[in-house]
Amino acid sequence: MNVVALGVADTSRAALGDGTEHVADLAALRERMTAPGARTVVLGPAVPLELAVRLADEHRVSRPDVGIVLERAPQEAAAAEVLTTALRAGVREVVPAGDPAALQEAVRRSDTLSRALAERAPGGPPPQAAGRVITVFSAKGGCGKTTVSTNVGALLAAGGRRRVVVVDLDLAFGDVAIALQLFPSRTIADAVPLGARDLDFPALEQLLTPHSAGLTTLVAPTDPATGDSVPAALVTRVLELLREHFDYVVVDTPPAFDDQVLAAFDLSDVVVLLATLDIPALKNLKLTLETLEILSYPQERWKVVINRADSKVGLSMAEVEKTLQTRITAQVPSSRDVPASVNRGVPIVLDDPRHAVSAALRDFVERDLVVRSGTTGDVPPPLRRDRRRLGRRRDHS
Ligand SMILES: Nc1ncnc2c1ncn2[C@@H]1O[C@H](COP(=O)(O)OP(=O)(O)O)[C@@H](O)[C@H]1O
Ligand SMILES: [Mg+2]
């Protein structure tokens, strides 16, 4: 029995279907929750909030793979304090009572997450001290940041061999969810009420939207205006927590040096700087390189990647390297199959691993991004950034 329910209304019983065991009291529930196989617990409106929160709190460490879905009276379910308290305790979803579709959907999502967690639960690899943070950036839009970050995420995950999270920091216009065809119920904006100080991994984990084996995501808010409310300090906290629990944290960015992006840069082991072979993109790349220099970012952490590298624009790589006075680490060819794969919502590296675009990205990932065991210690500690020297930053105050 994968779903256990306590105190749900009769209408919800029907929605939950036959696969659900309804228990009569708390003792029975506790017993079922600790038994192997239990994946999702539904607590109905009859269960007091304090009790639900305590149960979630008790189990989130001992059984992180068991998800709790809370059904509340509609007014209560819409209250920010209820949601915040519940999520902080480790409750996965709060749904309004009397909405069978929402309940079914919440249980389904929780079950998917539980399965993914159970796979790595007992005997799985212990969380490593620090994963690698890779930020993909270009000061110009449309260079392929989202394409590269989602594909790099999929390549690093390698079908579940590594644990990878893609974070969408393009807080106003993020499209990681679209590129991966996800239907997220939570976004990074849901971490805002918890605050940088109180946010911990169990709470943050509830906000992730899984994609495929080894690959999960923290997506951008669906409402563009909400992005402004995500403070840079929260971004820092989110990335710190994620790198403790994932081998790789891949960060997609907006085309601007905003405070959130700078917070990501500060924690990044690698910054992938993307450009295409057109003058505006290269001009922006040059400005970016200058800015990074002003900020004293160690050069060995930048990797310049030219996307759509074979576009016929009459600029050779040698010319570009000379003009920019930097080495080009990798080139990704242009292909109509890329937008086609984005439209299908499947990263091209998964859709067509032998495609020239997939091969170029795979070479780059294997050669320049994957840390072979024993080399992690070589990464120098992050340098302090001198914000006073940064003139070109877009002001977000
Ligand atoms: N190598 C490529 N070849 C052809 N089209 C590409 C390539 N990389 C990206 N694109 C297309 O360019 C557009 C912008 O890419 P996207 O990743 O959304 O850029 P950004 O996130 O930098 O704004 C998308 O339609 C995408 O499919
Ligand atoms: Mg993008």
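Me: How much of the chain is buried?
Reply: Of its 397 residues, 51% count as buried, where buried means under 20% relative accessible area, exposed over 50% and partly exposed in between, with a 1.4 Å probe and protein chains only. This is a predicted model, in which local features need pLDDT of at least 70, side-chain atom pairs count only at pLDDT 80 or more, and totals for chains, interfaces and linings use all residues. Residues are numbered from 1 along each chain as its sequence is written, chains are lettered from A and ligands numbered from 1 in the order in which they are written, and side-chain values use heavy atoms, with hydrogens and water left out.

Me: How many helices and strands?
Reply: The chain has 17 helices and 13 strands; these are DSSP runs, with helices being H or I of at least four residues and strands E of at least two, numbered from the N terminus. The radius of gyration is 23 Å, close to the 21 Å from the globule rule for 397 residues, so the chain is as compact as a globular protein of that length. That radius is taken over C-alpha atoms, and the rule is 2.2 Å times the number of residues to the power 0.38.

Me: And what does the C-alpha trace span?
Reply: About 75 × 45 × 40 Å along the principal axes.

Me: Turning to α2, which residues are buried there?
Reply: In helix α2 (residues 26-34), they are A28, L29 and M33. Seen down the axis of α2, these fall within an arc of 135 degrees, so they line one face of the helix; the arc is that of the directions from the helix axis to the C-beta atoms.

Me: What is on the other side of α2?
Reply: A27, E31 and T34 are exposed there.

Me: What covers the buried residues of α2?
Reply: The cover includes the strands β1 (3-6), β3 (40-43) and β4 (67-72), together with α3 (49-62).

Me: New topic: what is the phi of R308?
Reply: R308 has a positive phi of about 55 degrees, although it is not a glycine. Most residues other than glycine have a negative phi. R308 lies in the loop between β12 (302-307) and α14 (317-324) and is partly exposed, with a relative accessible area of 39%.

Me: And Q325, where is that found?
Reply: Q325 is in the loop between α14 and β13 (328-332). Its phi is positive, about 50 degrees, and Q325 is not a glycine either.

Me: Is Q325 buried or exposed?
Reply: Q325 is exposed, with a relative accessible area of 70%.

Note on methods. Contact means heavy atoms within 4.5 Å.
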